[in-house]
Amino acid sequence: MKFGRPDTQFLKWRWKPDECELPLFDAAQFLELVKGKSVAFIGDSLARNQMESLLCLLASEGDPIAVSNIKYPLSKSCLYTDYNFTVASFWSPYLVKDIDAKPTAGTPNSLMHVFVDEAHEAWMSQIEKFSYVIVSAGIWFLRPQVYYENGNIVGCHLCHKKNVTNLTALYGYRKAFQTTFRNLLSLKNFKGVTFLRTVSPSHFENGEWNTGGNCVRTKPVSSKEMRLKGLYPEMYSTQVEELNAAAKLGRKRGLKFRLLDTTEALVVRPDGHPGYYGKTVHENVTIPDCVHWCLPGPIDTWNEFLLQMLKMEGDSSLGQ
């Protein structure tokens, strides 16, 4: 809207779960729940998108101060001093170690080097102190990438290199979640609850991002009209399988792993992306943004889900 989007209908639709009502986000209630605690978002720009949604939703009740992170400038941290509550996002698009995966890293066709058995230091070095950790990953795994294990190349996805085993994106995707959950389980002082935020659908229609695809719809669609497509259904099932495996191991250590299943609620919201209105007209936007979400917009549902899950965590701890 700031950059010229003419319609506002996308602001007026909310997700309706089966057999219950999803309450509106209550900023005061959220801040009381997390008093003296901390929340970390680990992932790519969609993880940051969720953090920014949360900051906006909390704005009516609190004004945080920014905490600088000199070593990892792409990560961000804020402190709500009245509540001693920290919220942070750690830039780690593959969750594991990568070489030069910056938000502006070339083009979506740039070749990435991904070390699937090494957790990314940006979050691994700091995550032990966090109360709640929201893990997510998705679209970066569709890029060309070379996979490393024990420092050696084991294969690649779309790299077109001779004498290198051709692997699917799902190979790296599964390995990244295995490594992430394994490392969280291995941290002796980590007592936090881990949430897997499921894959976020993009909505390019009439082509892909590089073949004229766009997202110009102005209202939601039905689940019959639009479903997950491409590799997304398998990415969804892969990450859920790995979460379930981690949850089983976590029970032995007293660690909780929870599913923050946001996918179905967002598949039907092709109207919720910035499209051509993500930047000022002076920046000459030629590729629409059909990946990230408008604020306010459908992504706020993720944090409405999160609030309800935190309430359930609080209720279960009282009963223990």
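Buried means under 20% relative accessible area, exposed over 50%, and partly exposed in between, with a 1.4 Å probe and protein chains only. The model is predicted: local features need pLDDT of at least 70, side-chain atom pairs count only at pLDDT 80 or more, and totals for chains, interfaces and linings use all residues. Residues are numbered from 1 along each chain as its sequence is written, and side-chain values use heavy atoms, with hydrogens and water left out.

**View 1. The disulfide of cysteine 156 and cysteine 159.** A disulfide is a pair of cysteine sulfur atoms within 2.5 Å. Here the sulfur atoms of cysteine 156 and cysteine 159 lie 1.9 Å apart. The torsion about their S-S bond is about -60°, so this disulfide is left-handed. Cysteine 156 counts as buried because its relative accessibility is 2%. Cysteine 159, at 11% relative accessibility, also counts as buried.

**View 2. The disulfide of cysteine 215 and cysteine 290.** The sulfur atoms of cysteine 215 and cysteine 290 are 2.1 Å apart. About their S-S bond the torsion is about -90°, so the disulfide is left-handed. This pair links distant parts of the chain, 75 residues apart: cysteine 215 sits in the loop between β10 (193-197) and α5 (232-253), and cysteine 290 in the loop between α6 and α7 (300-318). Helices (H or I, at least four residues) and strands (E, at least two) are DSSP runs, numbered from the N terminus. With a relative accessibility of 9%, cysteine 215 counts as buried. Cysteine 290 counts as buried at 0%.

View 3. The whole structure holds 2 disulfides.

**View 4. Surroundings of threonine 262.** Threonine 262 is placed in the loop between β11 (256-260) and α6 (263-267). Its relative accessibility is 1%, so threonine 262 counts as buried. Leaving out residues up to four places away in sequence, threonine 262 touches Arg197, Thr198, Trp302 and Phe305. Contact here means heavy atoms within 4.5 Å.
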